[in-house]
Amino acid sequence: MLIRTYITICGAVQGVGFRPFVYRLAKNLELSGNVANTSAGVLIEIQGTKDIVEEFCRRVVSDAPEVSVIDEVKFQDLATVKDESSFTIIHSDSGGSKTVTILPDLATCNDCIDDISNSENRRYGYSFTNCTNCGPRFSIINDIPYDRPNTEMRKFKMCPNCQKEYDNPLDRRFHAQPNACSVCGPKILFIDTDNNPTPLNEKECLKLAQQSLTNGKILALKGIGGYQLLCAATQLDVVASLRKRKMREEKPFAVMVQNLETIKQICDVSEEEEKLLTSISAPIVLLQKNKSNKQKIAINVAPENPYLGVMLPYSPLHHLLLNNGPKVLVCTSGNLHDEPIAISNSEAQTRLNKIADVFLTNNRQIARQVDDSVVRQTEKGAQFLRRARGYAPFPIIHKKDYPNILSLGAHLKNTIAITTNNRTILSQHIGDLSNQEAYQSFLKIVEDLPRLYDFKPDIVACDLHPDYLSTQHALSLGIPVISVQHHHAHIASVMAEHNEDSSVFGIAWDGTGFGTDKTVWGGEFLVCEKGNFERWGNLMPFPLPGGDLAAKEPQRSAIGILYKLGLSANFNHLWNPNEVKLVEQSLEKNINTPMTSSIGRLFDAISSLLDIRQITAYEGHSAMMLEFCATNTDNSYSFDWLNNELDWRQMVLEILKDRDTGVSNGEISGKFHNTLVNIMVDSAKLSGLRKIALGGGVFQNRLLFEKGISALQKAGFEVLTPINVPANDGGIALGQAFVAGLVNQC
Ligand code: ZN
Ligand code: ZN
Ligand code: FE
């Protein structure tokens, strides 16, 4: 007897070869029916004898393609069977609710690498080779369902050979939407310094690009999610001129390295790190530099930094480029300073003109900017520092359904999010909104993400800070607004990832955030439950002469700390004495001197007092330098609690004493980190709660993160940390969404 079953599969099931997989499975089992891609997911009708249909239902889940992610699957037996004998793939329908998961861009698979490396293969040397297991997705999609006419591949008509692959359910490229070859697909174009496109074939273009890199030129390469700036990482002079032209003085550059073997000549690579590097997301992984530095990476690539951001080639073009010429390339976003990455050819020509010597561009458009992601492996799991290519827009799944919420994030490292039903889609990294270009791209993405998912917000969530541009934009939308305190959002972001809404004790440590008392917070101990929080305690506030300026000049934090201690600043050897006097006067008269409880600024102050760093070149710079110099020690400093205020005064006095009696900066830094770990454990014990959530940019400090978690776990606490979302402000939008969702639960 025949039965007919209806199957709905939701999740990341489009653009991953799911339909061909279903087709092959049905053919193998000699079942009839059909499969369709709809905006709600993959729908299957399957017909045959009961036991074979049951086998199909089992295997459709267990044998699903490796890159697919199934969130939900439903089976329903249909009352009637049909008179049919074959299994067919039905054309996509574009109606219905757009809840399907859009995939991130996937790194080139090994089969495709073989194709472009084999001189017998028709895709030998072709830069846009892909298949259903790899290739661009989020960066080329304009609408869902994910079909070629809805992507930036729509203008390339497939040649008969490509079409044959596309139509053949047994081919690896069956319904691979960006399928292309050198006959029909996008083409690269080399542009020399005079901006004259040269009439060359692909091979010649590549060769010129490789020669330029070898000869010390800076190349602007149109990559997957935007332009990248490349140069030979071994050439000190060219790296220096890239820094100068890009206006990026000291912030470390990432490198792209030809293969794993070469990476191991410059960095230590653990098994977990190798897995991250070679994953389909292929992020930049922060690796510990090794001493041998066999590839002779120039010192100014990541100055004064024990780590190097490293990635493998992740598109055919990158693979081909690195096959000849330099094996290690500086590979940084195609932008000036803090601007967003350039994506269109005209934009690149105007914005990167003064940075790059030569361009390797192409005629496929990029639908949206997607920067390279940055990840680090710690003893306590992987940590996201920037989440974009390879990860966005994978959703974060909740236990409950929430109303439609648009969350606009914070100000630095901005991301936005949309929440609908039981999922939040966090956007790719956008950047620092004080930069005009980044703000423009924020506005674009606030329009783009909801449009893509056909999403209309009922509520908008934003930061409590009235001056953030993201807050002002939220207020201009004319829909109900929920303002979420910055540090509450940091902790809520962690709670969201762990699906936790019962009482947690949140340790939110970062640079700055606007507090409910209108002062600058940043060293917060919060009791969070459902969508609410209570400020259990905080770092004892100290004055911050110059306000925001202090983040760039750690000496200001030091002067503020010393002032609070009733000590005068002895900075005359570092700073102009008149300037110090002016700062001290502003403290006395309380002019532009907000009070702050920021741990980030405490790090700055200590870094300055030890004369490690007086001026920072990028966010978090002085705290990083303090972390990097720490030596291993069991010692620590004293601290106290004064009505739930963390009293750091004794600690600073002891640090000054150590400094003045010749104790090394390494030992002092080690003791300082241990003290913070002790504070974490002590506060957790005092709170009476068992679940501790850690959030905020300070937890990007690896030493503090690893030691803090170990100590808390040893003391018997359950520790919740960010998993797939950054601890820094890149995770704020998710926290805002979770708070707004819990407050307005359906
Ligand atoms: Zn492939
Ligand atoms: Zn073709
Ligand atoms: Fe923050």
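The paragraphs below lead through a predicted model, from its domains to selected helices and aromatic pairs. Local features require pLDDT of at least 70 and side-chain atom pairs count only at pLDDT 80 or more, whereas totals for chains, interfaces and linings use all residues. Residues are numbered from 1 along each chain as its sequence is written, chains are lettered from A and ligands numbered from 1 in the order in which they are written, and side-chain values use heavy atoms, with hydrogens and water left out.

The protein chain is divided into domain 1 (2–89), domain 2 (188–362), domain 3 (393–498 + 726–745) and domain 4 (537–720); such bounds come from an automatic or database domain assignment. Between the C-alpha centres of domain 1 and domain 2 the distance is 43 Å.

F87 belongs to strand β5 (residues 87–93). Helices (H or I, at least four residues) and strands (E, at least two) are DSSP runs, numbered from the N terminus. With a relative accessibility of 3%, F87 counts as buried; buried means under 20% relative accessible area, exposed over 50% and partly exposed in between, with a 1.4 Å probe and protein chains only. Setting aside neighbours within four places in sequence, F87 is in contact (heavy atoms within 4.5 Å) with residues including V22, Y23, L31, V35 and I46. The C-alpha atoms of F87 and V22 are 9.6 Å apart, although 65 residues separate the two along the chain.

Attention now turns to two helices. S687 is found in helix α19 (residues 665–687) and is buried, at 15% relative accessible area. Its side chain reaches the backbone oxygen of A684 at 2.8 Å. This is a polar contact, that is, a pair of N or O atoms within 3.5 Å; within protein, one must be able to donate a hydrogen and the other to accept it, and residues adjacent in sequence count only if both atoms are side-chain atoms. Not counting residues up to four places away in sequence, S687 touches F505 and W536.

Helix α20 (residues 702–714) has 13 residues and, at 1.5 Å a residue, should span 18 Å; its end C-alpha atoms are 18 Å apart, which agrees. The expected span is 1.5 Å times one less than the number of residues. The buried residues of α20 include L704, F705, G708, I709 and L712. After α20 comes G716, whose phi is positive, near 95°.

The structure holds 19 aromatic pairs. Rings of Phe, Tyr and Trp (its six-membered ring) pair if their centres lie within 6.5 Å; planes under 30 degrees apart count as stacked, over 60 as edge-to-face and the rest as tilted. Y402 and F738 are edge-to-face because their ring centres lie 6.3 Å apart with the planes at 80°. Since Y402 lies in strand β16 (residues 395–407) and F738 in helix α21 (residues 732–743), the pair ties together parts that are 336 residues apart in sequence. Both Y402 and F738 are buried. F639 and W641 also form an edge-to-face pair, 6.5 Å centre to centre and with 85° between the planes. F639 is partly exposed at 22% relative accessibility, whereas W641 is buried at 16%. Ring pairs link F505, W509, F525, W536, F639, W641 and F699 into a cluster.
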